[in-house]
Amino acid sequence: MEKFTRITSIAAPLLENAIDTDIIFPARFLLLLDREGLGKYAFNEWRGEGFVLDTPPYDTAQILVTGENFGTGSSREQAVWTLADKGIRCVVARSFGEIFYSNCFKNGVLPVRLTGADMDAVEAAAEAQEPLTVDLEDRCIRLPDGRTIAFDIADHHRRALLAGLDEVGTILADHAESIARHEERRRASAPWLDLPQAKLDALAEESA
Amino acid sequence: MTGRTLYDKIWEQHVVADFEGGDNLLYVDRHLVQEVSSPQAFAYLRQNNLPLRRPDLHIAVADHAVPTRRKGHPFADGLAKRQVERLRENVETHGIAYMPMNGDRHGIVHVIGPETGFTLPGCTLVCGDSHTSTHGAFGCIAFGIGASECASVFATQTIRQARQKTMRVNLDGGLPVGVTVKDVILALIAEIGTGGGVGYAIEYAGSTIRDLSMEARMTLCNMTIEAGSRVGMVAPDETTFTYLKGRPLSPEGEMWERAVAAWSDLKSDEDAVFDREITFDTSTLEPQVSWGTTPEQTGAISGVVPDPDRIADRGRASRVRKSLAYMGLTPGTRLNDIPVDRVFIGSCTNGRLEDLRAAAAVLKGRQVAQSVRAIAVPGSAAVRIAAEAEGLHEVFLAAGFEWRDSGCSMCVAMNDDRLEEGERCASTSNRNFEGRQGKGGRTHLMSPQMAAAAAVTGRLSDVRELL
């Protein structure tokens, strides 16, 4: 995963609420099997003249500034892949859809939640086409006029982005024994949760 | 010590490890695999040369991309065909049980999980699909995950998660005639908003719940994600056990007795404290329809399209204005004057036997309006077979509906069933997002009987006038 430490870029203002995953990445493109090259489908139905990400200088923005509940809707990780492939490394919003938010951290994209005057300042800077610096080490956004806006982020999310960590690899390295022990316990306390292979085979066979 | 909630009890039973900062490594008892969110997760195993740890805790089915006209029709969409074939190859490689498209066990993941007894009370269940919240109807912790998390479940049978806050929604007062649980959840979302549940696991309780069938509880939990919450739950009871007994993957004999004894303890303690608690009186509800492009933009069928100029909040007003432009609606229009072109009855929200029965009761002896094209899509092959056994297909066909094979169909525009630009649809699905049912398509969400009423009259209609 690509690391995230600090970026400086202008920020594209897409100041609407509840932009859902079907807008970010329309369902018909979910038929594509690879995760590379999805950037061209981002916001597909909204693209073209007048759309902020097609309007220079915002077409090269690495930061997206948006409203409440960004990424609400489906679990499709393509909604993050498409933004990342388009070069968006940071999304600043008043709030996020939950699954979208957690998907960001698996893909080197930093979601930042801001509200009130802090968000107003970032929106104003975005609309004025002023460059912002998003500094994950210091957990802040720096505005060109010298103001610094702090943001909250869970420690492990921050560390994962800073190091470009692969979560699955870490779990296997650190917790393989605990997982095996849990399975032992489960077998004793809730044995019905283990599915006999014969039942699964019968089900698949019955289906055929 | 204060009591614990149902969610907390199940969560604590599944913690494998604690992380600094409060996250847990959570064991996953069940993983439903489908074609859309799995190819990249299987690719992760390949790239890292990792085995799939517990294939016996997975079942797989292709539902999103499959055509629903199958017998005698070729698989027309090359991309969709390739995606379904890729799933089949992947599950064969890793030894996962697979329900093929033309088999009697095929269906939407969220219909066949419960139907096969794969979904059980007290378990943790995930799927790369946000409507996984459906399974919480059985008193388990079930939630949608992204593709990277699917890879984590494949390789480790665990995922790292933060525990949610808890919210109890008390539904009291019972359901008036013509009002269903779909109307309840739509009205609830209209009240608390699509962000209202973010960060919470919701447990539904109250007198209205206890009388609901498993199908209705599934509809309720299914739509919980549209309130922003990944988890919706109902404590298991006799209704749950009766539904599960004798299912192919349900425990049997002595194991069944043991399981039921354990499941009977799965409820929130009397003195459990929830982070948020709301009470919602269902006794005076009217049938609901959505008029906008987010599920919270919903109102009673007796109402009118709202006027954004009369909404004080600027953000909300602007969103309403944009939604109405997309929907081609004028403020002040009576909702029951809005004509529809298409009707869709189906999906993981309302594609079960009880839903088809409710729609058929309205359609019996009536005809679909001439201007309307209507399809009924059973959520699974088992639902279709059961519906045909009681003659429901004849009611649909006689009324002028098309009767299809199982799949996600017109809920999501990634198979052959979709709206054309500008078409307006009365739909029993879960999302009215822009383009959700096809580019430029306009969706009105409602219950199965309300969709049947719209099919008959050719406009959004109050089903109570037809009962």
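**Chain B at a glance**

In chain B, 77% of the contacts with a separation of 6 or more are between residues 24 or more positions apart. Keep in mind that this is a predicted model.

**The whole chain**

- Chain B holds 16 helices and 19 strands.
- Of its 467 residues, 61% are buried.
- A compact globule of 467 residues would have a radius of gyration near 23 Å, and chain B comes in at 21 Å, so the two agree.

**A four-stranded sheet**

- Four strands of chain B make an open sheet, with parallel pairing, in the order 11-10-9-12.
- Strand 11 (231–234) and strand 12 (276–281) of chain B sit at the edges with a single partner strand each, so one side of each has no neighbour in the sheet.
- If you ignore direction, neighbouring strands in this sheet are turned by 25 degrees against each other on average.

**Strands 9 and 10 up close**

- In chain B, strand 9 (residues 165–172) and strand 10 (residues 200–205) pair in the parallel sense, and six bridges link them.
- To spot one pairing yourself, look for Lys165(B): its bridge partner in strand 10 of chain B is Tyr200(B).

**A helix on the sheet**

- Helix 8 (residues 214–222) of chain B packs on this sheet, where it touches strand 10 and strand 11 of chain B.
- The direction of helix 8 makes about 155 degrees with that of strand 11 of chain B.

How values were computed
Residues numbered from 1 in each chain as written. Chains lettered and ligands numbered in written order. Predicted model: local features only at pLDDT ≥ 70, side-chain atom pairs only at ≥ 80, totals over all residues. Pairing = 2+ DSSP bridges. Helix = DSSP H or I, 4+ residues; strand = E, 2+ residues; numbered from the N terminus. Axes fitted to C-alpha atoms, helices over the stretch in contact; angles between N-to-C directions. Contact = placed C-beta atoms within 7 Å. Rg over C-alpha atoms; globule rule 2.2 N^0.38 Å. Buried ≥ 20, exposed ≤ 12 C-beta atoms within 10 Å, placed from the backbone.
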